[in-house]
Amino acid sequence: MAEEAVAVSTASTLDPSFWGSVMVHNIKSKQNVGTILRSAVAFGFREIILYGGTKLNTFGSHVARDALPVRQFVSLKEAVAYLKSAGYSLCGVEIMPQAQPVNLQPFHGSTCFLLGNEGEGLSEAQQAVCDGFVYIPQYGT
């Protein structure tokens, strides 16, 4: 029996001007940092923004770490200044009333997704710099 070819589309449904990045601060678990790095590579993001820390622990993600540039900043203010000067909007990832489901893609153009700490989420200062918010729907949990 001959195998039937399956057409696979590699076209993205994202806005063609989308240029994604992820900004993290104070992620406690080194496994979570690795997961964020691998996910950023899988989603085609262009860079990782790290602020407030001096070292990025890439536990189990050395290949992903080498695939994406990491820009480090001393403070949130410096990181935001860089992102704004580069034309990014900031989208906080947080469960809150005004957040929209990420799968609806309520972002346009160059977007940096700001992730909060695993336990505390986004701080008030982080929320204040965001242009909008998304949450990641969890199905079956």
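Four aromatic pairs are found in the structure, which is a predicted model. One of them joins phenylalanine 107 and phenylalanine 113. Their ring centres are 5.0 Å apart and their planes stand at 90°, so this pair is edge-to-face. Planes over 60 degrees apart are enough for that label. Both partners are shielded. Phenylalanine 107 has a relative accessible area of 11%, and is therefore buried. Phenylalanine 113 is at 7%, so phenylalanine 113 counts as buried too. The cut-off for this class is under 20%. The pair belongs to a wider group. Ring pairs link Phe43, Phe45, Phe107 and Phe113 into a cluster.

The overall fold comes next. The protein chain has 4 helices and 7 strands. Read from the N terminus, the elements follow the pattern β-α-β-α-β-α-β-β-β-α-β. The protein chain has 141 residues, of which 39% count as buried. Among the contacts in the protein chain with a separation of 6 or more, 65% come from residues 24 or more positions apart.

The 7 strands form an open sheet. Their order across the sheet is S3-S2-S1-S6-S4-S7-S5, and the pairing is parallel. The edges are held by strand S3 (70–73) and strand S5 (100–101), each of which pairs on one side only. Helix H3, residues 76–85, packs on this sheet. H3 touches S1, S2, S3, S4 and S6. The direction of H3 makes about 150° with that of S2.

Strand S1 (residues 19–24) runs parallel to S2, and 4 bridges join the two. Methionine 23 has isoleucine 49 as its bridge partner in S2. Further along the sheet order, S4 pairs with S6 in the parallel sense over 5 bridges. S4 also pairs in the parallel sense with strand S7 (residues 132–135), over 3 bridges. Valine 93 takes part in both pairings: leucine 115 stands opposite valine 93 in S6, and valine 134 is the bridge partner of valine 93 in S7. Strand S4 (residues 89–93) is mostly covered, with 4 of its 5 residues buried.

Leu76, Ala79, Val80 and Leu83 are buried in H3. They cover an arc of only 95° around the axis, and therefore lie on the same side of H3. The spacing follows a general rule. An α-helix has 3.6 residues a turn, so residues three or four places apart point the same way. The buried residues of H3 pack against S1, S2, S3, S4, S6 and helix H4 (124–129). On the other side of H3, Lys77 and Ser85 are exposed. Glycine 87 follows H3 and has a positive phi, near 90°.

Strand S2 (residues 47–51) includes glutamate 47. The relative accessible area of glutamate 47 is 4%, so this residue is buried. The side chain of glutamate 47 makes a polar contact of 3.0 Å with the side chain of tyrosine 88. Other parts of the chain also meet this residue. Beyond its neighbours within four places in sequence, glutamate 47 is in contact with Gly20, Ser21, Val22, Leu68, Pro69, Arg71, Tyr82 and Tyr88.

Two more residues complete the account. Serine 110 lies in strand S6 (residues 110–115). With a relative accessible area of 19%, serine 110 is buried, because the class takes values under 20%. Lysine 84 is 26 residues away from serine 110 along the chain, yet their C-alpha atoms are separated by 10.0 Å. Glutamine 105 sits in the loop between S5 and S6. The phi of glutamine 105 is near 50°, a positive value in a residue other than glycine. Most residues other than glycine have a negative phi. Glutamine 105 has a relative accessible area of 28% and is therefore partly exposed.

Conventions: Residues are numbered from 1 along each chain as its sequence is written. This is a predicted model: local features need pLDDT of at least 70, side-chain atom pairs count only at pLDDT 80 or more; totals for chains, interfaces and linings use all residues. Side-chain values use heavy atoms; hydrogens and water are left out. Buried means under 20% relative accessible area, exposed over 50%, partly exposed in between (1.4 Å probe, protein chains only). Rings of Phe, Tyr and Trp (its six-membered ring) pair if their centres lie within 6.5 Å; planes under 30 degrees apart count as stacked, over 60 as edge-to-face and the rest as tilted. A polar contact is a pair of N or O atoms within 3.5 Å; within protein, one must be able to donate a hydrogen and the other to accept it, and residues adjacent in sequence count only if both atoms are side-chain atoms. Contact means heavy atoms within 4.5 Å. Two strands pair if DSSP finds at least two bridges between them. Axes are lines fitted to C-alpha atoms, for helices over the stretch in contact, and angles run from 0 to 180 degrees between N-to-C directions. The arc is that of the directions from the helix axis to the C-beta atoms.
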